[in-house]
Number of protein chains: 4
Amino acid sequence: MNVGFIGLGRMGQGMARRILSGGHDLLVHDVDTSHLTEIVAAGARAAASVAGVCEGRDVVVTMLVEDATVIDVALRNGGMRDSLPAGGIHLAMGTYGVAAIRTLAAAHAEANQVLVAGPVLGRPDLASTGQLGIVTAGRDDAVERCGPLFQVIGRRAFHAGATPEAATVVKLSNNLVLGSAMVAMAEGFSLVRKYGVEAQVLYDVMTEGLFAAPAYKGYGKTMVDRSWDQVGSPITVGLKDANLIQAAADLGRVPMPGFNVYRDRLLGAVAHGDGDKDQAVLAREQARASGLE
Amino acid sequence: MNVGFIGLGRMGQGMARRILSGGHDLLVHDVDTSHLTEIVAAGARAAASVAGVCEGRDVVVTMLVEDATVIDVALRNGGMRDSLPAGGIHLAMGTYGVAAIRTLAAAHAEANQVLVAGPVLGRPDLASTGQLGIVTAGRDDAVERCGPLFQVIGRRAFHAGATPEAATVVKLSNNLVLGSAMVAMAEGFSLVRKYGVEAQVLYDVMTEGLFAAPAYKGYGKTMVDRSWDQVGSPITVGLKDANLIQAAADLGRVPMPGFNVYRDRLLGAVAHGDGDKDQAVLAREQARASGLE
Amino acid sequence: MNVGFIGLGRMGQGMARRILSGGHDLLVHDVDTSHLTEIVAAGARAAASVAGVCEGRDVVVTMLVEDATVIDVALRNGGMRDSLPAGGIHLAMGTYGVAAIRTLAAAHAEANQVLVAGPVLGRPDLASTGQLGIVTAGRDDAVERCGPLFQVIGRRAFHAGATPEAATVVKLSNNLVLGSAMVAMAEGFSLVRKYGVEAQVLYDVMTEGLFAAPAYKGYGKTMVDRSWDQVGSPITVGLKDANLIQAAADLGRVPMPGFNVYRDRLLGAVAHGDGDKDQAVLAREQARASGLE
Amino acid sequence: MNVGFIGLGRMGQGMARRILSGGHDLLVHDVDTSHLTEIVAAGARAAASVAGVCEGRDVVVTMLVEDATVIDVALRNGGMRDSLPAGGIHLAMGTYGVAAIRTLAAAHAEANQVLVAGPVLGRPDLASTGQLGIVTAGRDDAVERCGPLFQVIGRRAFHAGATPEAATVVKLSNNLVLGSAMVAMAEGFSLVRKYGVEAQVLYDVMTEGLFAAPAYKGYGKTMVDRSWDQVGSPITVGLKDANLIQAAADLGRVPMPGFNVYRDRLLGAVAHGDGDKDQAVLAREQARASGLE
């Protein structure tokens, strides 16, 4: 396929390289052209503009961080909507809110283009080895056409349905489950500490039993080691995603009290100056609330 | 060792049989003598009273369901305290509250006996194959003396500390983490349903990724299949344990808002007539709150 | 009427004096006999025992602080149940839990006596001037017989129903509404402080408008003035009542997430060393959670 | 003064009429010109455009419902910013979010105009009699210049500070306290109902005691009477304001768990089809959660 790619940050780099490795023709674009050096050296060609990376392409992938950015890139004069050919696919692989996805889908539909949502699960190391999870949603034929890309980018694509926002909501739900797991561990660690028990004991019980999974092994270990200065996913990014989750719950009319607790703890962490720490610092936030710090 | 065992329910049966298999001399007692048939056939001897099962024993294991029951068995006239020899160990392997454990520990100490807490993690099938997790706490020498029993009963013993309540609190914390995981899944499933997504999609994303663990695979599947009529752990038992968790949080002065959500959902499930269903029915309780049922 | 009165603390003193002023014959009893000096000087006679204060009385009022105390006084050998004449009324005017009230009601019924619950609303100053509110519940004829006492003790009696626990639950519900009001003010004060607004401004807006009521004027002022060292109702008493509220919600199967927040804040206040402060210190607890202290 | 007024809905009508009664020269504008008939008959002059109502005016009041509307009216080409004279005051009396107020304040400052925020407390009946509360914030001199208008519009102005958003935050905090009061009453009513007590009893206890205030008397009565079909403030408007409160808490980094419960109940009410009912319908939403409906 001939493919465009906008947004060559750390995640985007790995994904684009995987697309190249699949033998696809790849045009790339990023406002920060320093991001393009490596991928061009690997065989991609650079386009100087959004229009340049879209014209004549079958599929253009975006991997941009904010709702506002992807909407700007897609909808501004000379943006993706104005440049993608009729029938072209905008494959949005960042994590965006429901409202943003709806806006994009409607805009592309008016221009006889198709939005496919394909938010990914995983960090840059998984991106570079093609081990990401991908949640997909959009018109069946369009999702099918993206199949070869999903195959090289991810270990598995989970198809969520025919409306692009379906993928968004699944991705966000996975995040809310993660947030609640962190809150729960934090509560557990504070509780055992109050009774003089080392956090490590609870960690071992959890991760060798019912909770033998990456969410608990990873964030739990950071909580036990208090190593939240080594930041994987910072509190502020958690808060950004939490606001997307909340907006989705709002539009869907779903009261989510468990999620609210996670969101409150994120706010509290920022209020106490821990906004730049890894989300595992929620253990310290809970400890503060318990009079332990 | 010569061992006594009180409480031969489904869990107790499996555990007692493992003790026999370790070559220990085993006396057993249960108010319901029909529970004794099998284990006696397997080589144990039956004692007609609590006193009978305690006299001259090195260790007496209790596997009883309620705080009130174990306290009664231990402290009534002619109970364990009055019958265990000096230096004897009461190894309490049920899940009891902090206050109950403290009461037992103090009573046995006065009688020159020792309480060791060893609550187990796992269901009857794991009990019968010696695959339970065991959280242990108590005086170091006493815990060490129980070592041969832990070896045959469980796959691993996690030592929580020198005060018996430490084990209780670790066990309860593991339960609270489980409760929060169920609440989180329930919220996620309701959220995706509101956007027309099959619950199975979120299930797959979770259990093939960050949440590839028994807690999510088991309860999540029951939620997806709506098979909560096949009851593993019913809502009412969850509520009993939740009250122990809450009491521990109270005594420890730990605000646990995430846990409160779980407890409220349990109450709601009972209020809506689902008290006898499997705890996975929390997915339906959340769906009700979301206007989905 | 001939009346007995057990529990001459600060509240009880005022209430007993009002009964005297109504022209009733009054026998009084307290384990701390120093509490009896004043009321005896005012015309009551002292009884040396619970039995002594109950024998031959139409009604015996108890004004004791704890569930355990009133149950002990009523049910121990030689206690109220053993001493009140048949048809006699135990008028329980303290704030007790549902389970305690049920236990008392059943015990007195077996002895052909009647329990009437009459928990009061108000502090000692209102007790001494007969301005308490009283919530009443119990058998209609018995409540009616107590009418002359209610008239002198309180400004108004609110009748809740024929089962004594009905009064308990109304009293506890009034407390939960108060707790939530304090939480709400605390949140509001923290929010405006974050935007540089004096707490006094919000206080004025509230108390000259929708919230022109004692709950807001009193606790709100203490929050604004940070004068929680002058203790009206301490955190620890709030926590005791909160546990009664929670037990009532449990038995009734009522999820109360708003109340849970109040309870968690009380726990947090104790954890931070504020257990002996006035409940208005919840404003500081919320401020802590907001990174303001 | 010569005054402009934009937004002659039910609240605006009453307020504009009060301004006329103060002897001020009044120009009015509304996109729905039918709203202007009465006020013009009373002595105001109609302007055909936003520009027309702003030119040469000392102060222009806006009383518009949505953030988006007031921003559009103020910032669009030919809007208030382009038409108000230098030194002119935009007096924004609707309830807007912090971000919207900051946007307006910055825009007017650039144009040498001044934003004063003056959100009002009260319903149309209070507006028509000049009995509204007003929370004011903005540059001291500008607020002072608005004094004569505040005098005729309201019973009292509460000054919150020099930044316009201060008034917003006080108004929103008052709303959050109200929301929590409704949640608390709802919990109390469900709790007493579970014990067979009429809601009226709790209502009487509250409103003749600690909660003898309009918030409880008004919404409480609607809850007791189940008369939420007579809509004063509908759930959907509550939800709109709740989202403003939440955004303010977000920007200020204030975890507000009590408020979250209110917001969740609003969402639940919408999910159950009660979005158009009066907010007192939260009592039914709580009753649903308790298995009572």
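This is a predicted model: local features need pLDDT of at least 70, side-chain atom pairs count only at pLDDT 80 or more; totals for chains, interfaces and linings use all residues.
Tutor: Residues are numbered from 1 along each chain as its sequence is written, while chains are lettered from A and ligands numbered from 1 in the order in which they are written.

Student: What makes the radius of gyration of chain A agree with that of a compact globule?

Tutor: The radius is taken over C-alpha atoms, and the globule rule is 2.2 Å times the number of residues to the power 0.38. For 293 residues a compact globule would have a value near 19 Å, and chain A has 20 Å, which agrees. Along the principal axes, the C-alpha atoms of chain A fill a box of roughly 65 × 40 × 35 Å.

Student: Why are both faces of strand 5 of chain B called covered?

Tutor: A residue is buried if 20 or more other C-beta atoms lie within 10 Å of its own, exposed if 12 or fewer, and partly exposed in between, with C-beta atoms placed from the backbone. In strand 5 (residues 89–92) of chain B, Ile89(B) and Leu91(B) on one side and His90(B) and Ala92(B) on the other are all buried. Strands are DSSP runs of E with at least two residues and helices are runs of H or I with at least four, numbered from the N terminus.

Student: How do you know that strand 5 of chain B pairs with strand 4 and with strand 6 of chain B?

Tutor: Pairing requires that DSSP finds at least two bridges between two strands. Four bridges join strand 4 (residues 59–62) of chain B to strand 5 in parallel, and four join strand 5 to strand 6 (residues 114–117), also parallel. Among the partners, Thr62(B) is bridged to Ala92(B), and Leu91(B) to Val116(B).

Student: How do you know which residues of chain B and chain C are in contact, and how many are there?

Tutor: Contact means that the C-beta atoms of two residues, placed from the backbone, lie within 7 Å, and 11 residues of chain B are in contact with 11 residues of chain C. Helix 13 (residues 257–271) of chain B gives the most to that side of chain B, with seven residues.
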